[in-house]
Each structure stands twice: as C-alpha cells, then as structure tokens.
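Subject: Structure handover

Hello,

Here is the structure we spoke about. My notes follow below it.

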Amino acid sequence: MAPPHSFFRSTSFRLLAWYAAVFVASVAVLFLIVYWITITAFDDQLSDSVERETEVLVELYRSRGLNPLVRAIELRTVELRPPRRYYLLQDAAGKRIAGNLPPMKPLEGERILPVSSLLADRSAKPDDPADAYPIVAHGRLLENGGFLLVGESRYRAVTAREAIVQALAWGIAITVLLAAAGGAALGVGFLRRIEEINRTTRSIIDGDLGQRVPASGSGDEMDRLAKNLNAMLDRIQVLMESLKRVSDDIAHDLRTPLSRLRHQLEAARGKAPAGGEPVIEQSIVEVDAILETFSALLRISQIEAGARRAAFSEVSVEQIVSAVCDAYAPVAEDRRQQLKARLANVPPIHGDRELLTQMVANLIENSMHHCPAGVDITVGLAQEAGAPVLRVADTGPGIPAGERENVFRRFYRLEASRTTPGSGLGLALVKAVADLHGASIELSDNQPGLCVAIRFPAPTAARGRTVQTQR
Amino acid sequence: MKILLIEDDPHTAAYVVNGLRERGHVVDHSASGRDGLLLASGGAYEVMIIDRMLPGLDGLAIVKTIRAAGTRAPVLLLTTLGGVNDRVEGLEAGADDYLTKPFAFAELLARVNALARRPPIVDEATVLRVADLELDRLKRTVTRSGKRIELQPQEFRLLEYLMRNAGQVVTRTMLLENVWEFHFDPHTSIVETHISRLRAKVDREFGEELIHTVRGSGYSLGASP
C-alpha cells in the first residue's frame with residue numbers, strides 16, 4: 001500500500017518496456033536488411049570489376065599476343081591509382097611471367113585468396129593497407145596453356161561494412177535511448193495521474209467523501225475515467241447522505257415522540273393509582289431499551305460511515321485495555337467469573353480512544369453474558385509481527401464454527417442466547433469499530449470456549465495513512 | 001438559580017422548564033436560535049441549556065458565538081443524535097457538558113447542579129473533606145476519623161469524584177463518563193459494583209453512612225441524606 005509506487009513495478013513501465021523492445025527489434029531488422037543488401041552489392045561490384053579487367057586482358061592477349069599482355073600487367077602493378085589490383089600471369093609450367101602474386105594452381109573462375117598468399121611478393125607497395133585484406137580474384141586459362149589471374153582487395157568492402165555496422169550500432173543505441181526517454185516521459189505523466197486517482201480514493205476510503213479526482217481538461221481517456229469516477233462518487237455521496245438523512249430522521253422523528261412518552265411516564269410515576277407504579281416503572285425500562293437500540297444502530301451507522309477517522313489520534317491500546325479490565329474485574333468477580341488481563345507492551349496505534357474503549361468493553365461483556373459462573377475470561381494483548389493483537393478468550397460454551405460469521409450481523413442472536421438480555425448489537429459494534437481501525441477479527445475455538453482476536457494493522461502503516469490524509 | 005433554555009421542541013421545553021421551576025429555579029426559555037442568542041448575550045445566567053438542532057441558528061453556532069463574546073457561564077448541550085462525533089464537537093465548540101435525548105429529568109438536574117457548582121480548576125483543594133472523611137489528592141491517601149483506608153486506584157477516583165460533588169446527586173452516567181471515561185451505557189452493573197466495594201471500605205466500619213443511594217437518580221455523598 002506504500003506509495004509512491006516504484007516506477008519499475010508499474011503497468012505503464014511494463015507496457016513501455018514492451019513497446020521499446022518491439023520498436024528496437026523492428027529497427028534492428030530494418031538495419032540488418034540494409035546491411036545485407038549493401039554488403040552483397042559491394043561484393044557483386046568487386047566480382048564484376050575483376051571479371052571485366054580479366055576480360056580486357058584476355059582480349060589484349062588474343063588480339064596482340066603475350067608480350068603486350070606482360071607489359072600491360074607490369075605497367076598496372078606499379079600504377080598508384082586506385083583501385084589497387086593484383087595480377088598474376090604464369091606459363092603452362094606454372095612459372096610466373098608477370099604480376100605481383102606468387103604462382104598458384106591455375107583454376108578458372110572466381111575465388112577468394114587469403115591474406116597469406118600475398119606475403120610471397122611485396123614488391124609493389126608493402127605498406128598499402130589494402131594488403132591486409134583477402135582478395136577477390138578471377139582466373140582464366142589462356143590458349144597457350146598459361147594462366148591469368150586478376151584480383152582486387154576486399155579492403156573497401158570490409159571498411160565499408162565496418163562503417164555501416166558502426167552507423168547501425170549508433171542508430172540502434174539512439175533508438176533505444178529515444179524509446180526509453182519517450183516512454184519514461186509518457187509513463188511518468190500517466191503514472192502521476194493514476195497516483196492522483198489513488199490518492200483521492202484513499203482519502204475517500206479514510207472518510208473524506210468530498211474529494212474528487214482532478215481532470216486535466218484534455219478530454220482523453222484518463223479524463224473520461226476521472227469524470228466517470230467522479231460521477232460514481234457523486235452518486236455514492238448522494239446515497240450516503242440520504243442514508244445519513246434517513247438515520248437522522250429516524251433519530252429525530254422517532255426518538256422525539258419516544259422521549260415524550262418517557263417524560264410522560266416519568267411525570268405519571270408519582271401520580272399513579274395504587275399498584276400502577278410497577279407498571280409505569282416497567283414501561284420506562286422498555287422505552288429505554290427501545291431508545292438504546294436506536295442509539296446503538298445510529299452509532300454503528302456513524303462508525304461505519306468512517307467520518308470518525310478524522311478525529312483519530314495516537315492512543316495506547318494497552319492503557320485502554322487495562323482500564324477496561326480494571327473496571328470489569330470486580331463485576332466479573334461478583335458474577336463468580338474470573339477476569340484476567342495478560343498485557344504485553346505494544347506500540348501505540350492511530351485510533352479513537354472512546355470507540356476502542358467501547359469495543360473492549362463489549363467484548364468482555366459478551367463473554368460475561370454468555371458464560372456461566374466459574375469460567376475464566378482472559379484478555380490478552382500481544383505484539384505479533386509488529387502489530388498489536390487483542391484477544392478476549394473465555395472457557396464458556398463457545399460458538400459453533402458455522403455460526404461464527406453471523407454473530408457480527410446486527411440483531412443476530414444465537415439460539416442458546418435468545419433468552420438472555422441484550423440487543424444483539426454488541427458484536428456488530430465491535431466489528432464496526434475494528435473495521436474503522438483497519439483491524440481484522442478472527443473467532444476461534446478456545447477449547448473450550450470462544451476466542452476473539454482483533455489484529456490491528458502495524459503502527460507504521462497506520463501512521464503512513466494519516467500523513468497522506470493530511471496532504 | 002437563573003437558567004436559560006434554548007429548545008425548539010415544545011414538549012421537551014415544557015418538561016424541562018416545569019421540572020426546573022418546580023425545584024425553585026428561574027428559567028427563561030427561547031424556542032429559536034436567534035432569540036436564544038440574544039437572551040444568552042444579554043442576561044447573566046448561571047447555566048445555559050442549549051439544544052443542538054435548532055431552526056435558524058444551530059446550537060453549536062450559538063455556543064461558539066457566546067464563547068467568542070466572552071460569556072463564561074457553563075453550557076449543557078442537548079441532542080437527539082446518538083452521535084459519535086457530537087460530544088467531541090460540542091465540547092470543542094465550548095460547551096461544558098453534553099446530554100443525549102431522551103434523558104431522565106434527574107439526569108438533567110444532576111448535571112445542571114454539577115455545572116453550576118463547578119469550581120475553577122485553580123481553586124481545587126489538595127485535600128477534600130466531607131464530615132470525618134479526608135482525601136489527599138497529592139499523597140493519594142484517604143482517612144476516616146483519622147483511620148487510614150486503602151483504596152484501589154479506581155475506587156480512589158470514584159471517591160474523589162463523589163467528594164468533589166459532595167452534597168449533590170451524581171448519576172450513574174456521570175460516574176461512567178467522569179470516573180471510567182465510558183461514553184456509552186454498559187450492560188453490566190459496573191457502577192453498582194464499584195460503589196458497593198467503596199461503601200464496604202468507607203462506610204461499613206464507621207457509624208454514619210456517607211455514600212447514599214438516591215432512588216431513581218444516582219448517588220450522593222454527604223453527612224446527611
């Protein structure tokens with residue numbers, strides 16, 4: 001629940017990471033195609049070039065004979081102009097006649113010569129960088145049994161390929177950066193608006209129903225979401241207010257005549273004819289019971305509405321529980337029950353002292369009313385996993401497992417306790433107070449008896465929530 | 001005692017006014033918030049009883065206004081809401097006590113008397129004395145006829161509250177609120193149990209009873225009933 005959410009764990013980050021990955025992958029595929037086509041074009045061009053030169057020299061040999069060919073080759077091997085080429089002319093015996101390559105096996109057609117084949121002859125220009133690269137060569141057998149080979153260094157193709165690879169690497173790096181930066185910019189904006197919605201809903205959960213999600217006014221999907229949420233909140237607020245109005249109306253319209261009735265009964269008390277007094281007393285008790293049920297219902301509704309949370313402060317559960325136990329211990333003793341408190345030191349929680357006091361009192365009274373004389377009622381307070389846990393356990397008849405969920409419902413009473421006094425609202429109030437404090441309730445078998453555990457949230461989490469509310 | 005009542009419900013108003021007048025108090029009554037505010041600012045009342053929900057101007061606003069104007073007279077707020085926040089809001093606005101309708105007249109009367117006699121906090125004596133009973137608030141000791149009585153902390157607080165309101169009726173609800181800080185009605189006899197234990201220690205071994213039960217109202221501590 002701790003805001004601010006890590007950006008890297010957010011949905012928008014995941015979406016953007018996917019988007020960036022797909023984007024980078026498609027750019028990479030595009031670059032690969034460009035690379036492949038360019039390299040192939042370079043190699044084709046090189047093959048064409050050596051083949052054409054071979055044709056020219058073969059043509060020269062055919063038309064003019066061997067000597068002009070030898071001269072032409074010698075002339076070309078000393079030429080400085082690019083493209084730098086390699087030549088070999090050998091006779092039928094495999095002896096070199098001209099050129100700057102060592103003799104080799106006469107093979108027709110294209111082949112690639114490794115760099116090592118050059119080392120035999122470095123007459124021309126030993127420090128030419130092109131010498132460090134393989135050669136694309138084209139060989140032809142001559143009519144006199146001789147062999148002619150023309151080659152060209154792949155130097156330019158290789159350097160061009162390196163340049164292209166470097167350019168593509170930069171291109172991909174920039175693409176990744178742009179995708180990440182653009183994605184982060186979009187994502188942070190998106191996340192900020194989601195966080196605004198989260199903040200608003202949290203303060204509404206904390207009881208401030210007047211909050212609304214801010215809209216940016218751009219009319220986009222987020223604005224529409226904000227608008228719909230606000231419309232829903234308006235509706236909830238109207239419903240809550242009408243519920244509160246109905247409750248208040250019941251309080252005012254029904255309690256007022258009941259109060260009058262009570263006043264009249266009280267006024268009649270002294271004037272009743274002989275024997276009438278007990279009837280009037282009994283009627284006052286009955287009216288008080290009805291009025292009390294009304295109060296309890298209204299109180300539960302108000303607690304559930306959560307408005308009380310605004311008045312929360314740091315309270316010591318330990319102090320509250322200890323005070324309530326002190327108040328009830330003599331009462332239990334008079335009923336021949338034993339009330340024991342086992343209280344550990346727990347950190348203070350954020351809550352409402354008055355309501356927590358009533359909650360503890362209701363739990364103790366619940367055990368006292370539903371247990372016969374002779375039982376032990378133990379109130380325990382412990383710290384478990386950093387959070388205070390209150391346990392009220394008795395050794396009485398307990399509650400069947402199937403009924404445990406129901407006892408927190410208003411007016412719900414177990415079959416066995418229908419005849420005992422009580423409104424059936426005590427545990428409903430306990431639940432309302434626990435919910436208000438974000439605490440969970442567990443009912444379990446105390447073997448024998450009932451154990452009610454109230455697990456409060458860890459104090460740090462509770463404090464974190466207030467800080468947000470105050471923002 | 002001169003008392004002001006601001007209450008719009010005629011029935012409750014008649015009930016309160018008649019009850020108070022029967023006991024010899026002078027009561028001014030106003031049914032609307034605005035008229036009530038005029039009366040409250042004008043007359044010197046010892047206690048004011050103000051309904052929280054009023055037509056025109058509500059009770060909280062009246063209390064805030066008269067407190068801002070410097071009126072110090074104690075105020076008892078009445079309400080029909082079984083409100084959880086109401087008590088706190090009322091006290092924050094400047095009211096001194098709070099009573100939820102419907103109430104028994106005895107409850108109202110006891111609270112009005114307690115408010116009228118509420119001593120300024122600075123003047124509260126360190127040692128409280130009623131007849132031969134003596135309670136030292138600093139040393140936390142209680143003696144009767146010079147004989148030391150050992151009390152539990154809660155019994156001490158209960159006796160202290162009774163002695164501070166000696167000679168007056170204190171109701172069960174007043175005790176719950178002031179001694180135990182219980183702002184709800186428990187379904188067990190907490191007050192009765194603690195009073196009977198206190199009696200056993202304070203009264204039983206001595207001739208004269210100091211803690212009296214006032215039928216239909218509550219308890220009172222004093223030399224004579």
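Helix α7(A) passes α8(A) in a left-handed crossing, meaning that the near helix is turned anticlockwise from the far one by less than a right angle (clockwise would be right-handed). This is a predicted model, in which local features need pLDDT of at least 70 and side-chain atom pairs count only at pLDDT 80 or more, while totals for chains, interfaces and linings use all residues. Residues are numbered from 1 along each chain as its sequence is written, and chains are lettered from A and ligands numbered from 1 in the order in which they are written.

Helices (H or I, at least four residues) and strands (E, at least two) are DSSP runs, numbered from the N terminus. Helix α7 of chain A covers residues 353-370 and helix α8 of chain A residues 426-436; they pack at about 145 degrees with their axes 9 Å apart. Axes are lines fitted to C-alpha atoms, for helices over the stretch in contact, and angles run from 0 to 180 degrees between N-to-C directions. The contact residues divide into 10 nonpolar, 4 polar and 1 charged (nonpolar: Ala, Val, Leu, Ile, Met, Phe, Trp, Tyr, Cys and Pro; charged: Asp, Glu, Lys and Arg; polar: the others, Gly among them).

One of the residues that α8(A) brings to this contact is V433(A). Apart from residues up to four places away in sequence, V433(A) touches I303(A), L355(A), L356(A), Q358(A) and M359(A), where contact means C-beta atoms, placed from the backbone, within 7 Å. V433(A) is also among the residues with the most contacts inside the largest nonpolar core, which has 108 residues. Such a core is a set of buried Ala, Val, Leu, Ile, Met, Phe, Trp, Tyr and Cys residues joined through C-beta atoms within 7 Å. Helix α6(A), residues 317-334, gives the largest share of this core, 11 residues. A second, separate core of 20 residues includes L69(A) and L149(A).

V392(A) lies in strand β10 (residues 387-394) of chain A. V392(A) counts as buried because 24 C-beta neighbours fall inside 10 Å; the cut-offs are 20 or more for buried, 12 or fewer for exposed, and partly exposed in between. Leaving aside neighbours within four places in sequence, V392(A) is in contact with residues including L363(A) and I364(A). A453(A) is 61 residues from V392(A) in sequence, yet their C-alpha atoms are 6.6 Å apart.

Regards

Notes:
Contact = placed C-beta atoms within 7 Å.
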